Amino acid sequence: MRPVGPERPDREDPAVTSTTEPAPGQGRGEGREAPDEDGYGFPRPLWRGLARLPVPPPFSARTWRSPLRGRWLTSVFGLVLLIGLPIVIVTGFLSWLAYGPQFGQAIPADVGYLRPPPLEWPTSPSWLYRLTQGLHVGLGLVLVPVILAKLWSVVPKLFAWPPVRSPAQLLERISLLALVGGILFELVTGIMNIQYDYSFGFDFYTAHYWGAWVFLAGFVTHVLIKLPVLVRALRAGAPGRWLHDSAEQTVPEPPDDEAGHGLVATAPSAPTMSRRALIGTVAGGSALVAVLSIGRSVDPLRPLAFLSPRGRSYGTGPNEFQVNRTAFAAGIGPGVGDGYALVLTGGPAGEVRLDRAALAAMPQHTAVLPIACVEGWSTVRTWSGVRLRDLAAAAGVPAPANAFVASLERAGPFARVTLQGNQVLDPDSLLALRVGDADGGPMADLSLDHGFPARVIVPALPGVHNTKWVGSIDFRRA
Ligand SMILES: Nc1nc2c(c(=O)[nH]1)N[C@H]1C(S)=C(S)[C@@H](COP(=O)(O)O)O[C@H]1N2
Ligand SMILES: [Mo]
């Protein structure tokens, strides 16, 4: 191991070696930069004056001594996030769109000018929402170690002194507030939501939606400013032979051009870990999160889903799959089937009532469809029941513009839904009465927890809108 003393960085660093060492107690920045390349803008005397102030750690450049930090390392993590985060962002906004903003049922409902273009959420492919929302939650979780590593790699900049060096840089630093604050807020609220922890006391959907715009603004600004830096750093290549260097052989990156304000330590300590080990640890963390999360969406791997909330309800037999809101929680008792009759309205003849025998006597259709919750879990089941379009015809509205479905559940935010016309008319859209596994196993009546006597199941529809314990459907013309 090479001894690397704080007062004698053993590398060619013109910014340090060409000037005198700061006396003890003197602030960072003092005398470190070549006079005309210090990056100070208007009003220059102010920033230079600030730079001369003695500052304590962590604002002193000597606080941050990891020899691994530098533009190359930050750019490696940055590249992963540059590819991954746009997928998380886009799938997040798609989830908002999939909730049906045209019916005011996206959350938040009123988004003013930030209203994405109206879009009829498709019913095909049936796994569309399963994919987009699985990516949103799954990739969001997998990127957590990378985000933490990226933040670690740039933390000296958080404490750069002076905090600002020009008006343009002030704007950049404000965008960093949106970037870092935004991503941490989105991660914390998103993770709490999939853990069913609502202790933050505000509406999750609303906060997560607006937080996403704040983050997006910071992200776009940051990419515009930093993309050239990232490309240059990656082109320049890694210091040393990063894949082969041991900790002892690991050398610091060449100094950044922002002497005293950059990522490379001005007084690096001896390496305790190689770059390969650091990147491998972060990748391993992401892989571990992936392994512990995949069971949320892949049924045979469900026992691996250690990151899912424990102690959630499951059914038995053909009904053995995740229960989001139990019948008990929804105030639905075992007597719900007694005297049950589905009420259809909207047609010229007025109300049509169908009891269970009448529903069972109609043509039964079977479809293998996923149920995919906004919280990221999903499962594929075989469902059978009456086509929604057959019910529309029975009500006397064969081509409805949309349909309003109401559950027997009284309260509850998800006790009702408006379905688009294409969602009512898809041949696989069902009022399901029975369910089985995805592989053609035996079928059984829906359990009480899964929506007995009847529930909605529509291809590509967010899980939340597959209403359980359906009491009535109103088919609406234009
Ligand atoms: N009436 C009613 N239907 C509901 C809900 C509800 O709270 N009330 N929850 C929805 C949500 S959020 C999901 S993900 C699915 C889950 O269906 P499952 O519990 O049968 O798996 O049901 C949906 N249907
Ligand atoms: Mo859900």
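1. Five strands make up an open sheet, ordered β2-β1-β10-β5-β6 with mixed pairing, where two strands pair if DSSP finds at least two bridges between them, and where strands (E, at least two residues) and helices (H or I, at least four residues) are DSSP runs numbered from the N terminus. At the edges lie β2 (352-355) and β6 (416-420), each of which pairs on one side only, and the twist from one strand to the next averages 20 degrees. Five bridges join strand β5 (residues 402-407) to β6 in the antiparallel sense, and Asn402 stands opposite Gln420 in β6.

2. Helix α11 (residues 388-395) packs on this sheet and touches β1 (341-345), β2, β5 and β10 (470-476), a contact between two residues requiring C-beta atoms, placed from the backbone, within 7 Å. The direction of α11 makes about 65 degrees with that of β1; axes are lines fitted to C-alpha atoms, for helices over the stretch in contact, and angles run from 0 to 180 degrees between N-to-C directions.

3. This is a predicted model, in which local features need pLDDT of at least 70 and side-chain atom pairs count only at pLDDT 80 or more, while totals for chains, interfaces and linings use all residues. Residues are numbered from 1 along each chain as its sequence is written, and chains are lettered from A and ligands numbered from 1 in the order in which they are written.

4. Strand β7 (residues 430-436) is largely enclosed by the rest of the structure, because six of its seven residues are buried; a residue is buried if 20 or more other C-beta atoms, placed from the backbone, lie within 10 Å of its own, exposed if 12 or fewer, and partly exposed in between. Strand β4 (residues 378-387) runs antiparallel to β7 and is joined to it by six bridges, with Leu431 in β7 as the bridge partner of Val386. Leu431 also has Val456 in β9 as a bridge partner, and β7 and strand β9 (residues 455-457) pair in the antiparallel sense over three bridges.

5. Helix α6 (residues 167-194) packs with α7 at an angle of about 140 degrees, their axes being 7 Å apart. Helix α7 (residues 204-236) contains Arg232, and Arg232 is exposed because 12 other C-beta atoms lie within 10 Å. The C-alpha atoms of Arg232 and Arg71 are separated by 9.1 Å, although the two residues are 161 apart along the chain.
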